[in-house]
Amino acid sequence: MSKELEDCEKVKGKENLKLEKINEMVKEGKIDPGNVKFTTWQDKKNDDGEIIGTVRVVQEEDEDLAKVEYICPRCQNHGFRKTEYKRPFWVKCENCEKSFSVPRLKDKVDRKKKGPDA
Ligand SMILES: [Zn+2]
């Protein structure tokens, strides 16, 4: 892993697309990994297959909102937000205000705990 890359190159490197917030929250006990209803973590790639962004979603059993940590595939903004989980799941970047999709959200449990849709 070279650290001498130009800035424009760095954003393409996986090492520069590290998500930290959710890891920190787990370490600090703010997220209980044993209480996670679903989680997904996926990279966003451009047409050349280069990783240009990444997004991680975690929702705990007793939470109404999913925690979403992302690096925007368009502007590389590193953001974190809580948002209601729904399909299809889209994350709106707080920086450039563009949305990107998070397909294939994997449910850890089948049952739906939520009440009727609002
Ligand atoms: Zn953005």
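Q: How many bridges join β3 to β4?
A: 7 bridges join β3 (residues 65-71) to β4, and the two run antiparallel. Two strands count as paired if DSSP finds at least two bridges between them. Strands (E, at least two residues) are DSSP runs, numbered from the N terminus.

Q: What kind of model is this, and how are residues numbered?
A: This is a predicted model: local features need pLDDT of at least 70, side-chain atom pairs count only at pLDDT 80 or more, and totals for chains, interfaces and linings use all residues. Residues are numbered from 1 along each chain as its sequence is written.

Q: Back to β4. Which residue in it stands opposite V68?
A: R81 in β4 stands opposite V68.

Q: What is the strand order in the open sheet?
A: The order is β1-β2-β3-β4, an open sheet of 4 strands with antiparallel pairing.

Q: Which strands stand at the edges?
A: β1 (36-45) and β4 (78-84) do. Each has a single partner strand, so one side of each is left without a neighbour in the sheet.

Q: And what does the twist average?
A: The average is 15° from one strand to the next. Axes here are lines fitted to C-alpha atoms, and angles run from 0 to 180 degrees between N-to-C directions.

Q: Now the core. Which residues have the most contacts inside the largest nonpolar core?
A: V55, V57, A66, V68, Y70 and V91, in a core of 14 residues. A nonpolar core is a set of buried Ala, Val, Leu, Ile, Met, Phe, Trp, Tyr and Cys residues joined through C-beta atoms within 7 Å. Buried means 20 or more other C-beta atoms within 10 Å of the residue's own, exposed means 12 or fewer, and partly exposed is in between; C-beta atoms are placed from the backbone.

Q: Where does the largest share of this core come from?
A: From β3, with 4 residues. β2 (51-60) and β3 each supply at least two.

Q: What does V55 touch?
A: Q42, K44, V68, Y70, V91 and V102, not counting residues up to four places away in sequence. A contact means C-beta atoms, placed from the backbone, within 7 Å.

Q: Switching to loops. Which peptide bond is cis?
A: The one from R87 to P88, with omega near -10°. P88 lies in the loop between β4 and β5 (90-92).

Q: What is the phi of Q76?
A: Positive, about 65°, although Q76 is not a glycine. Q76 sits in the loop between β3 and β4.

Q: And E97, buried or exposed?
A: E97 is exposed, with 10 other C-beta atoms within 10 Å.

Conventions
Two residues are in contact if their C-beta atoms, placed from the backbone, lie within 7 Å.
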